[in-house]
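I opened the model to look at its chains, the contact between them, and some helices and strands. My entries follow.

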Amino acid sequence: MAEDTRQYTEFYAQVEKSVRERSCEVMNAPRNEALQTFSALGFPTRKVERYKYTDVAEDFAPDYGIALTPLEVKDLPYCYRISESPVDVTSYYNSLADRQDAVVALNTLLSVDALVIYVPRNTKVEHPIQISNILKGEHDTMVNRRILVIMEECAEADIVITDKAVDQTHFLTNQVVEVFAGDGSHLNMYEVEETHLLCTRYSSVFVRQGRDSQVRHTSLTLFNGRTRNRLDVSLQGQGSEVILNGCVIADKTQHVDNNTLIDHQVPHCQSNELYKYVLDDSSVGAFAGRILVREGAQKTVSNETNANLCATSSARMYTQPMLEIYADDVKCSHGSTVGQMNDDALFYMRQRGISEQEARLLLKSAFIIEVIETIPLEALRDRLHMLVDKRLRGELSKCEGCKLCK
Amino acid sequence: MLQINNLHARINGKEILKGINLTVRDGEVHAIMGLNGAGKSTLSNVIVGHPAYEVTQGEVIFNGKDLLKMTPEERAHEGVFLSFQQPVEIPGVSMVNFMRAALNAKRQFQGLEPLSAGDFLKLMREKRKIVELDSRLTSRSVNEGFSGGEKKRNEIFQMAMLEPTFSILDETDSGLDVDALRIVAEGFNKLRTPQTSALVITHYQRLLDYLKPDVIHVLIGGMIVKTAGPELALEIENRGFDWIKEEVGL
């Protein structure tokens with residue numbers, strides 16, 4: 001057994017009984033398999049293609065207290081604890097997640113509860129469903145979060161998931177989300193991270209889309225410590241469309257790694273992807289986006305763009321757009337750019353009396369706003385405009401700013 | 001207003017200005033003419049503090065203050081404005097946000113409160129009329145998708161908004177058709193007061209017909225070789241620069 005996994009397997013050996021008691025049958029069923037996978041594989045090293053840019057073992061090495069608290073879900077429309085789900089989730093739970101991924105397996109092993117968001121067929125959810133994850137605690141804590149989103153035929157919903165941290169301790173979040181977008185369903189899903197420098201986030205989101213379904217996933221990393229987001233979309237029904245947008249604002253020593261896969265399995269599907277990063281100070285960004293067009297997936301239309309702005313010479317960006325096509329009648333494009341601040345624009349603004357700092361801020365904001373502007377939900381868009389502006393002005397996570405920075 | 005003494009400047013190690021002396025008094029318009037590469041644009045860039053240029057010798061005194069010690073934004077707050085030869089496109093930064101940031105920075109420098117959103121937009125509407133700038137343009141990103149003429153009009157519009165005391169027009173007439181030239185020049189004239197001065201860099205008499213400069217300078221090889229009244233511009237239009245070169249022995 002690999003050394004780095006030992007603290008987790010030993011912990012599980014101690015708490016297995018109480019984990020199983022607090023949890024439910026559908027979540028307990030795959031635990032043994034998860035334990036085997038996790039022990040056998042160990043944390044992925046940087047030699048594993050999809051983990052090239054982030055050192056997983058190092059992120060999981062600290063001695064965290066592991067939270068094993070069941071959820072309390074009360075009067076939240078369409079949201080249920082897994083044990084109280086109105087639909088049988090046996091065929092859904094852990095069916096989409098990558099069972100050969102040690103980080104996912106660890107979540108399957110240690111999650112005691114899961115949130116089910118279930119939207120029945122032909123139901124249009126009027127108000128966005130908002131899930132706020134607030135990290136609180138005096139001690140360094142690891143949280144395993146598990147979410148199932150089940151959108152039945154022609155269901156429509158907006159889901160906003162936010163991550164926040166209140167206390168200035170180390171938090172490690174390991175999230176697994178499985179999204180089932182049924183035929184003709186429409187889902188807009190937003191994930192907003194606004195934590196602090198001591199937070200580490202691992203997220204693995206798996207999406208399966210049925211015929212004529214539309215999914216839009218927007219990932220926004222506004223403030224973080226270390227973040228690794230995996231997002232896999234499998235287009236399994238003809239006529240389905242997916243939009244993956246993301247924006248990252250990082251400075252100091254922040255690390256943000258987005259790794260996406262769009263798997264075109266059938267003909268006549270469309271995918272669009274736009275990720276933009278603004279990196280300042282000594283922050284590190286990584287983006288790897290793989291578009292896979294399988295044999296027979298004719299008439300696929302796919303666009304992938306990753307654009308990055310490095311505001312300093314010590315900020316680093318790794319970008320890897322990938323297009324793999326096994327069909328011969330498709331329209332696909334992909335590209336990435338890494339640029340610096342436009343000196344001519346900076347000078348132009350300074351000549352008009354705008355301070356250098358404000359001019360830089362305007363340029364960064366202009367760069368990132370393109371992603372915010374794609375958000376159809378007006379209230380969220382307005383709020384994000386405000387948050388982005390505050391973030392770039394250094395007014396977000398203020399206490400963090402004075403504690404660890406000058 | 002502006003006094004330049006023995007100014008030397010270089011870019012990428014190459015000396016371009018080799019001892020410029022120039023005095024512009026309140027209310028005066030001076031024109032600088034000269035062949036391509038003579039250093040006209042370098043002079044304007046040095047005055048506004050472009051970081052690519054290095055001043056190796058000399059001084060620039062603006063209303064008694066040492067301009068060369070100031071950052072570009074401080075020079076702007078003091079009242080120095082450059083109408084760029086090639087205005088920069090800034091995608092994603094709206095004209096409104098850009099102008100508001102510029103105006104409020106200046107107001108802050110003057111110890112004034114920022115303008116309210118309503119007053120600001122009213123001011124934008126008023127000043128737009130001076131150069132007949134379409135509201136369609138001021139609702140876009142800075143200079144993005146503007147034609148050559150619209151960019152130059154936008155420069156004068158910004159000048160109207162910021163009310164500088166000393167403006168440099170760097171080939172503001174280049175790329176303009178006859179009508180646009182008239183609009184830009186008349187716009188500039190509307191903004192003139194006995195307290196404002198300007199330095200106009202141009203190759204052509206046409207712009208000067210409108211602006212009626214008080215003094216004409218000829219810049220050759222990084223030095224001002226001849227200074228005279230407005231009649232000099234007409235003579236250059238007719239005879240070119242060769243006779244001046246011969247006269248000064250270049």
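Before counting bridges I note the rule: two strands pair if DSSP finds at least two bridges between them. The model is predicted, and I read every entry below with that in mind.

**Entry 1: a parallel pair in chain B.** I looked up strand S9 (residues 166-170) of chain B and strand S10 (residues 197-201) of chain B. They run parallel, and 5 bridges join them. Opposite Ser167(B), I found Ala198(B) in S10(B).

**Entry 2: the sheet around that pair.** I traced an open sheet of 6 strands in chain B, in the order S6-S9-S10-S3-S11-S12, with mixed pairing. Strand S6 (80-83) and strand S12 (223-228) of chain B are the edges, each pairing on one side only. On average, and with direction ignored, neighbouring strands of this sheet are turned by 20 degrees against each other.

**Entry 3: helices lying across strands.** I then checked which helices of chain B lie across these strands. H6(B) lies across S6 and S9 of chain B and runs at about 165 degrees to S6(B). Helix H9 (residues 231-239) of chain B lies across strand S3 (29-33), strand S11 (215-220) and S12 of chain B, at about 20 degrees to S3(B).

**Entry 4: a helix pair in chain B.** Two packed helices are described by the angle between their axes and the distance between the axes. I looked up both for helix H3 (residues 95-109) and helix H6 (residues 148-162) of chain B: the axes come within 10 Å and cross at roughly 35 degrees. The crossing of H3(B) and H6(B) is right-handed. Met99(B), Ala102(B), Leu103(B) and Lys106(B) of H3(B) make the contact with Gln158(B), Met161(B) and Leu162(B) of H6(B). By class, I have 5 nonpolar residues, 1 polar and 1 charged in the contact of H3(B) with H6(B).

**Entry 5: strands S1, S2 and S4 of chain B.** Strand S1 (residues 2-11) of chain B runs antiparallel to strand S4 (residues 53-62) of chain B, with 8 bridges joining them. In S4(B), Gln57(B) stands opposite His8(B). S1(B) is also joined by 8 bridges to strand S2 (residues 14-24) of chain B, again antiparallel. Here Ala9(B) has Leu17(B) in S2(B) as its bridge partner. The hairpin of S1(B) and S2(B) has 2 residues between the strands, and Asn12(B) takes a positive phi near 50 degrees there.

**Entry 6: chain A overall.** I counted 9 helices and 18 strands in chain A. A compact globule of 406 residues would have a radius of gyration near 22 Å, and chain A agrees because its value is 21 Å. Of its residues, 48% count as buried. Among contacts in chain A with a separation of 6 or more, 84% come from residues 24 or more positions apart.

**Entry 7: H6 of chain A.** H6(A) is mostly covered, with 7 of its 9 residues buried. Among them are Phe347(A), Tyr348(A) and Arg350(A). The buried residues of H6(A) pack against H7 of chain A and, in chain B, against helix H1 (40-48), helix H2 (72-78), S6, strand S7 (90-94) and H3. After H6(A) comes Gly353(A), whose phi is positive, near 100 degrees.

Notes
Residues are numbered from 1 along each chain as its sequence is written. Chains are lettered from A and ligands numbered from 1 in the order in which they are written. This is a predicted model: local features need pLDDT of at least 70, side-chain atom pairs count only at pLDDT 80 or more; totals for chains, interfaces and linings use all residues. Helices (H or I, at least four residues) and strands (E, at least two) are DSSP runs, numbered from the N terminus. The radius of gyration is taken over C-alpha atoms; the globule rule is 2.2 Å times the number of residues to the power 0.38. A residue is buried if 20 or more other C-beta atoms lie within 10 Å of its own, exposed if 12 or fewer, and partly exposed in between; C-beta atoms are placed from the backbone. Two residues are in contact if their C-beta atoms, placed from the backbone, lie within 7 Å. Axes are lines fitted to C-alpha atoms, for helices over the stretch in contact, and angles run from 0 to 180 degrees between N-to-C directions. A crossing is left-handed if the near helix is turned anticlockwise from the far one by less than a right angle, and right-handed if clockwise. Ala, Val, Leu, Ile, Met, Phe, Trp, Tyr, Cys and Pro count as nonpolar, Asp, Glu, Lys and Arg as charged, and the others, Gly among them, as polar.
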